[in-house]
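Open the structure in your viewer and keep the selection tool ready.

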Amino acid sequence: MDGAGLLTAEAVHAAVRAELDAVDAAYDRLRATCTDLAGNAFRVEVAGRLEAQHRLNRGLSYRMFGEIAAPVDGCDNPGSPAGVKVRDVLASRLRLTAGEVRRRFRVAARIRPRRSLTGPPVAPELPELADAVNAGELSDDHIAAVCRALDGLPAAVSAAQKEKAERTLVGHARSQDAQFVTAIGTVIADCLNPDGNFTDEDRARRRGLALGRQGPDGMSRLTGWLDPEARAYLEAVGAVVRPGRHHPDGDAERDRRSPEQRCHDAIKLACKTAIASGGLGQHRGAPISVVVTTTLAELEQAARAAVDPAVPMPPSARTGGTGRLPMRELIRLAGESIHYLAVFEDHSARPLYLGRSKRLATTDHRIICHARDRGCTKPNCFVPGCDCEIHHAHEWSAGGPTDADNLFFGCGCDHAAASDGTYTTTVMDDGRIAWSDGTGPPRVNDVHHPERLLDNGEDDDG
Ligand SMILES: [Zn+2]
């Protein structure tokens with residue numbers, strides 16, 4: 001591109017804004033147009049046009065993400081403090097999750113021309129897909145199906161074969177739905193790798209387990225892929241948990257567990273044994289252990305419920321990660337000395353009891369943080385306690401005591417922001433910590449305490 005054809009930044013802003021205003025105005029008129037008498041054939045036509053426009057819109061959006069990804073000017077968002085990442089600005093402006101912002105950057109990086117330091121831009125990693133997205137021919141489902149199929153090909157497949165596979169997949173994506181594209185991907189993989197030759201590298205890329213959100217019944221879905229070594233370990237443990245052995249009720253005679261249930265019990269046994277062995281080392285200075293927190297009222301009710309069927313069992317206690325543990329399980333676990341149990345005064349953050357097998361000052365502090373904070377204490381941060389650092393409300397370097405009342409959870413990011421003065425923190429009368437960036441009053445983080453979120457709603461009404 002030669003300089004004569006380039007517009008100034010101001011001219012580009014004006015031209016693009018004018019076009020977007022025209023699109024907005026057209027959508028306003030469309031929304032105001034009544035289609036009651038249009039007939040379904042016409043509505044199908046309109047739905048098709050809207051879908052095509054949506055895809056064009058997405059293609060343009062990926063272009064913006066792709067151009068942002070290699071910024072020469074960093075984040076020049078007016079009103080954002082220096083140092084704020086353009087990704088964070090996008091997430092809050094577009095109200096997208098951090099995960100979705102990352103996903104869009106990842107897709108954009110594969111379909112946008114790549115900048116080169118020495119010469120003109122290099123063609124995109126997936127040029128065929130790039131053309132189709134740019135032309136507004138594909139949905140996000142299509143893009144995901146094409147990428148998944150290509151990423152599933154083993155490393156042994158040549159670049160030329162991969163290019164051909166990309167052309168074939170995108171060709172089908174232009175005329176079929178995403179499910180069909182996935183099916184074609186399987187056919188191509190079988191054809192290019194008939195003997196199923198996969199390298200260690202292929203396996204390492206595919207390995208992974210995803211632990212789903214815990215359901216209301218306390219159950220969590222586990223899905224994913226084990227590499228051969230992990231499978232060998234699991235099989236070895238599975239052989240120990242054979243029918244009649246390691247039955248949870250101890251009733252070996254009537255072991256009616258399915259193979260799936262025994263596999264589950266094998267994983268549980270392996271994790272429990274590994275933690276009890278102490279061989280897993282330390283995590284942030286504390287021995288790897290299960291941390292559970294509850295309140296005095298809940299514990300008393302659970303004790304009554306255990307002997308009196310008329311008393312309902314209270315809801316679950318909280319674990320140090322993001323999970324919940326039914327009270328019955330908690331009472332059973334508490335009998336085993338490897339675990340920690342912290343009990344709190346109701347409606348406050350004052351610890352009453354801390355049970356543990358071994359006294360370690362730093363560990364006790366972490367347990368209190370687990371129990372009181374559950375996770376990062378900065379407002380609206382969801383990072384769970386097990387991924388947090390310990391923040392001194394009065395900085396230790398400034399003479400703050402290393403005392404549980406002065407120690408709070410902060411994720412790596414927020415702890416750093418508090419340490420460098422981006423935020424100031426204050427301990428409130430009830431023992432919780434509040435954060436402020438100087439633009440508003442100090443606020444506490446309630447996202448790890450859903451019961452408080454609901455309480456606040458009532459307080460506001462009152
Ligand atoms: Zn945080």
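First, a term for the tour: a residue is buried under 20% relative accessible area, exposed over 50%, and partly exposed in between (1.4 Å probe, protein chains only). This is a predicted model, where local features need pLDDT of at least 70 and side-chain atom pairs count only at pLDDT 80 or more, while totals for chains, interfaces and linings use all residues. Residues are numbered from 1 along each chain as its sequence is written, and side-chain values use heavy atoms, with hydrogens and water left out.

**Whole protein.** Show the cartoon. The protein has 16 helices and 13 strands. These are DSSP runs, numbered from the N terminus: helices are H or I with at least four residues, strands are E with at least two. Of the 462 residues, 29% count as buried.

**Stop one: asparagine 380.** Select asparagine 380, in the loop between α14 (361–373) and β10 (388–392). Is asparagine 380 buried or exposed? It counts as exposed, because its relative accessibility is 53%. Now check its backbone: phi is near 70°, a positive value in a residue other than glycine. Most residues other than glycine have a negative phi.

**Stop two: arginine 95.** Move to the loop between α3 (86–94) and α4 (98–111), where arginine 95 sits. Its phi is near 50°, again positive in a residue other than glycine. With 76% relative accessibility, arginine 95 counts as exposed.

**Stop three: α3 and α4.** Select the two helices on either side of that loop. Their axes are 9 Å apart and the packing angle is about 120°. That makes α3 oblique to α4. Angles under 35 degrees count as roughly parallel, over 145 as roughly antiparallel, 65 to 115 as roughly perpendicular, and the rest as oblique. Show side chains: Arg87, Leu90, Ala91 and Leu94 of α3 meet Val101, Arg102, Arg104 and Phe105 of α4. Contact here means heavy atoms within 4.5 Å.

**Stop four: α7 and α8.** Select residues 159–173 for α7 and 178–192 for α8. What is the crossing angle of their axes? The axes cross at roughly 155° and come within 9 Å. That makes α7 roughly antiparallel to α8. Color the contact residues: α7 gives Gln161, Ala165, Thr168, Leu169, His172 and Ala173. From α8 come Phe180, Val181, Ile184, Gly185, Ile188 and Leu192.

Definitions and conventions. Axes fitted to C-alpha atoms, helices over the stretch in contact; angles between N-to-C directions.
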